[in-house]
Amino acid sequence: MKVLVIGPGGREHAIIRSLLNDPFVTEVHAAPGNAGIAADVQAHAVDAQNPEAVLALARELQSSLVIVGPEAPLAAGVADALTAANIPVFGPSQAAAQLEASKAFAKEIMAIAGVPTAMARVATDAVSAADALDAFGAPYVVKDDGLAAGKGVVVTGDREEALAHAAECFAAGGSVVIEEFLDGPEVSLFVLSDGRHAVPLAPAQDFKRIFDDDQGPNTGGMGAYSPLEWLPEGFVDDVMERVAGPTINAMADRGTPFTGVLYCGLALTRRGIRVIEFNARFGDPETQAVLARLKTPLGSLLLAAAQGTLDDVEPLTWRPETAVGVVVASAHYPDAPVTGDVITGLDEAAALEGVSVLHAGTAVNDAGATISAGGRVLAVVGLGKSLSSARERAYAGIAKIGLAGSQHRTDIALRAEQGKIIVEPEGH
């Protein structure tokens with residue numbers, strides 16, 4: 001099987017590493033890739049958001065499967081172009097990708113499917129935004145109604161800050177979705193879908209804020225871990241029955257079947273499971289932790305989703321270890337990330353037992369050195385027999401890496417290790 005992976009980030013690097021361990025995969029290519037990806041497989045300089053360019057490359061490589069990683073190419077219709085050419089693609093159509101591209105659309109689908117989620121209003125001007133904020137009260141949750149790379153959400157107790165974020169969106173010609181705040185721990189669950197059948201992966205938890213103790217602005221994600229030993233028994237079955245299954249069926253019934261991975265961002269509230277958001281692709285950095293534990297060959301699994309045969313796959317198998325991923329971000333991320341600085345210690349970190357280094361925002365300079373080329377630069381993943389040993393290994397890897405002004409959180413999975421995550425019984 002020849003596989004082409006579309007995307008430049010850490011999620012794509014994790015997918016590629018898994019594919020390279022798949023005995024059924026004979027060849028892996030990437031477009032456009034990054035420094036780490038290019039060191040593992042052949043990378044091609046193609047505009048990932050240009051459907052015709054991606055299709056031409058897939059044809060040239062005689063790809064058996066194309067995996068579209070990021071949200072922007074999906075919203076641009078890359079999967080549609082491949083499907084029209086009868087090339088198997090893992091990733092939803094442009095119409096189905098609206099589950100991520102428009103939060104208002106996602107709310108409509110959830111209402112049709114009876115999926116539990118936060119109460120919300122769509123606001124298109126300052127007056128309707130103020131009314132919605134006052135209706136739900138603090139903490140205020142304001143989301144761009146569109147793609148924002150995981151950073152278009154403001155959660156604040158400051159009403160003026162919430163109004164200011166909404167005003168920025170209106171000034172750019174957009175709208176916002178204002179929601180009630182959901183309490184309780186958050187969980188990410190990836191659900192593979194072939195349009196009608198669905199297979200869940202292992203749950204993970206990620207960390208959105210830039211600083212320890214969930215302080216500072218939202219980011220695309222500063223780390224993640226999996227599995228989650230504190231989850232209630234039957235959690236995944238409950239999500240499949242109440243969230244993923246009804247959503248996938250509703251999308252099929254309206255003529256826009258969802259093929260790919262449905263990312264379910266969930267909160268375990270006192271009123272039960274509630275959907276925070278849907279994404280139409282693997283989440284980053286959860287993918288790095290989840291795929292580090294997956295033993296089932298990834299290429300065959302994603303091909304089954306692309307070809308509508310997920311109901312034929314065997315039950316998934318997982319490594320018994322825990323995975324903890326910690327993101328290294330550049331200076332001044334997320335507001336004004338500094339790029340172009342040399343990264344040292346990559347080989348030393350990767351040589352540590354149980355440690356893997358996955359590239360996100362990296363490139364190679366004229367001198368052949370690996371440099372930072374984005375806000376989130378790397379994810380260092382530790383695999384260990386316990387959550388504690390996985391954390392130790394991840395942070396040992398982090399300690400080997402040098403990048404001027406870099407940032408990372410020191411508390412990824414710490415509260416879980418300390419047994420401090422509490423799930424309130426439903427109804428309490």
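Reader: In which hand does α8 pass α9 in their crossing?

Author: The crossing is right-handed; a crossing is right-handed if the near helix is turned clockwise from the far one by less than a right angle, and left-handed if anticlockwise. This is a predicted model, in which local features need pLDDT of at least 70 and side-chain atom pairs count only at pLDDT 80 or more, while totals for chains, interfaces and linings use all residues. Residues are numbered from 1 along each chain as its sequence is written, and side-chain values use heavy atoms, without hydrogens and water.

Reader: At what angle do the axes of α8 and α9 cross?

Author: Two packed helices are described by the angle and the distance between their axes. Here the axes of α8 (residues 126-136) and α9 (residues 159-171) cross at roughly 145° and come within 10 Å; axes are lines fitted to C-alpha atoms over the stretch in contact, with angles from 0 to 180 degrees between N-to-C directions. Helices are DSSP runs of H or I with at least four residues, and strands are runs of E with at least two, numbered from the N terminus.

Reader: Which residues of α8 and α9 make the contact?

Author: Contact means heavy atoms within 4.5 Å. Helix α8 contributes A126, A129, A130, L133 and D134, and α9 contributes R159, A162, L163, A166 and F170. By class, eight are nonpolar, none polar and two charged; Ala, Val, Leu, Ile, Met, Phe, Trp, Tyr, Cys and Pro count as nonpolar, Asp, Glu, Lys and Arg as charged, and the others, Gly among them, as polar.
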